[in-house]
Amino acid sequence: MATTLQFCSLCTRTDTASRHNNRAGVLSLRRRQPVNVRSSGQELPSSAVAVGAEFDAKQFRHNLMRSDKYNRRGFGHKEETTELMNQQYASDIIKKLKENGYEYTWGNVTVKLAEAYGFCWGVERAVQIAYEARKQFPDEKIWITSEILHSPSINKRLEDMEVKNIPVEEGKKQFDVVNKGDVVVLPAFGAAVEEMVTLNDKNVQIVDTTCPWVSKVWTTVEKHKKGDYTSIIHGKYSHEEPVATASFAGKYVIVKDMKEAEYVCDYILGGELNGSSSTKEAFLEKFKKSVSKGFDPDVDLVKVGIANQTTMLKGETEEIGKLVEKTMMRKFGVENVNEHFISFNTICHAAQERQDAVHKLVGEKIDLILVVGGWNSSNTLSLQVIAEDRGIPSYWIDSEKRIGPGNKIAYKLMHGELVEKENWLPKGQITIGVTAGASTPDKAIEDVLKKVFEIKREEAL
C-alpha cells in the first residue's frame with residue numbers, strides 16, 4: 001500500500017549557502033563513479049528500426065533496465081538528500097495538525113486537515129532519485145523529459161538545480177539538444193517508449209523516476225496487447241501518463257470520462273445504449289487524438305480491456321469498467337464475456353486514499369475547503385471534483401501567491417474556469433478543511449495557511 005510521506009520536523013532555511021554548493025542548495029559531495037546495473041549483453045534496438053508493428057516494447061524496456069546506462073534506484077545518497085528535502089519541504093504547522101488528530105485552532109481559524117493528503121510514496125521516491133542524480137553528476141548536463149511532477153514548487157527547485165526541461169516546439173520535444181554523456185531524468189509519470197529508444201540511441205545516462213503504480217498500468221496494457229485486446233484507457237489523452245501508457249499498448253482508445261465511455265459502448269451496441277454515437281467516421285473524428293494509429297472501431301472493439309490513468313477518480317474508473325463489461329455481455333452474451341472483456345485493478349492506492357479522505361472531510365462541519373496542488377495536476381482535480389460535488393465552497397490554488405492582496409483569492413473550478421473572488425474568507429470564527437494533491441509538499445500547504453492566518457489577524461485588529 002502506498003504511504004503518505006511523513007517528514008520529520010525541521011525548520012525551512014534560506015541561509016544554507018555556506019553548507020551547500022552552488023547547485024541551489026544541494027549538499028556538496030565528492031563525485032562518485034556512476035552506479036551501474038546489470039547488463040543483459042543484448043544490443044538494444046535503434047530508433048530507426050525499433051518502434052514499428054513488430055516492436056516489442058516490453059522486451060526493449062526489460063533490456064534497457066538491465067543496461068549500464070539506466071538507473072531507477074538512486075545512487076547511494078539517500079541520507080543527504082532526505083535531510084535536504086526535509087529542510088525544503090517540511091512544515092511545523094502540518095506537524096502540529098498531525099500531532100493533534102489532524103485538527104488545530106489558531107486564533108479564530110480552526111483547520112481540519114484531510115487524513116491522507118499531499119506527498120505520496122511515489123512522489124517522494126521520484127524527487128529523491130532526481131536529487132540524488134544531481135549529487136551523483138554535479139557537472140554533467142541534466143535534462144528531464146517533462147515536469148517531474150505537477151508541482152510548481154518542486155519543479156522550481158529542480159530548475160534552480162539546473163535540471164532542464166527538454167524544449168518543446170510545435171508540440172514536439174526537441175531531443176537534439178541532448179548529447180552523449182548527458183543525464184536524462186524520466187518523470188514520475190513515465191515516458192513514452194519512443195522517447196526511451198531515442199535516449200538509448202544517444203548513449204545517455206537514464207535516471208528513471210517513473211512511479212511503480214504507473215509501470216503497473218504498463219504491464220496491464222501489455223497483457224491486453226498479448227491477448228489481442230484493445231485497451232480502453234480512462235484518462236486524458238494529452239497527459240504525460242496516458243501518453244506513456246499508450247506507447248506500451250497495442251490498439252487503444254483513451255476516454256476522459258463516463259460520457260465518452262458511454263459513446264464508445266453505444267457504438268459497440270450499434271446505437272442501442274443511449275443513441276449518442278453515429279457513424280464510424282464520426283467516431284474516428286471524435287477520438288482522432290486519442291486512438292492508436294489505424295484504429296478501426298468496427299474491428300478493434302470486439303475484445304477490450306480496461307486500464308486507467310492512475311490519478312483519475314476511483315469511482316468513475318470503476319463505473320466505466322462495469323459499463324464496458326455489461327456492454328460486452330449484452331453484445332456477445334454473458335457466457336462469452338471472458339473472451340471479449342478483461343480487467344485488472346490499476347487504481348493507485350495513494351490517489352484512492354486521498355479521495356477517500358476528502359469524502360470524509362466534506363462530511364464534517366466546515367465552512368470551506370482549500371485544495372492545494374498544481375493546476376495541471378489530475379489527482380488534485382479529482383479532489384476538487386469531490387468537494388464541488390458536495391456543494392461546499394472549494395478553492396483550488398496552486399500556491400499561496402493566489403491569495404491576496406487582502407481578502408481576495410484567484411482559484412480554479414473543476415472544469416478549468418479561473419475565478420477571482422473578494423471577501424472569500426467569512427468574518428469571525430471559521431473552520432476550514434484542507435487537502436492537497438499527491439505532488440504537493442507540506443511546505444506549500446503551510447505557505448497557504450499562513451496567508452489565511454494573516455488575513456484573519458488583520459480582520460481582528
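How do H10 and H13 run relative to each other, roughly parallel or roughly antiparallel? They are roughly parallel, a label for angles under 35 degrees. In this predicted model, local features need pLDDT of at least 70 and side-chain atom pairs count only at pLDDT 80 or more, while totals for chains, interfaces and linings use all residues. Residues are numbered from 1 along each chain, and side-chain values use heavy atoms, with hydrogens and water left out.

Helix H10 (residues 258-268) packs on helix H13 (residues 314-332) at an angle of about 5°, and their axes are 10 Å apart. Contacts here mean heavy atoms within 4.5 Å. On the H10 side you'll find Met-258, Ala-261, Glu-262, Cys-265 and Ile-268, which meet H13 residues including Ile-320, Leu-323 and Val-324.

Ser-277 is buried at 12% relative accessibility; the cut-off is under 20%, with exposed over 50% and partly exposed in between (1.4 Å probe, protein chains only). Its side chain makes a polar contact (N or O atoms within 3.5 Å, one able to donate a hydrogen and the other to accept it) with the side chain of Asp-266, at 2.6 Å.

Now for the salt bridges, where a side-chain nitrogen of Lys or Arg sits within 4 Å of a carboxyl oxygen of Asp or Glu. The count comes to 14. In one of them, Asp-296 pairs with Lys-280 at 3.2 Å. Asp-296 is in the loop between H11 and helix H12 (297-300) and Lys-280 is in H11, so the pair ties together parts 16 residues apart in sequence.

Methods. Axes are lines fitted to C-alpha atoms, for helices over the stretch in contact, and angles run from 0 to 180 degrees between N-to-C directions. Helices (H or I, at least four residues) and strands (E, at least two) are DSSP runs, numbered from the N terminus. Angles under 35 degrees count as roughly parallel, over 145 as roughly antiparallel, 65 to 115 as roughly perpendicular and the rest as oblique.
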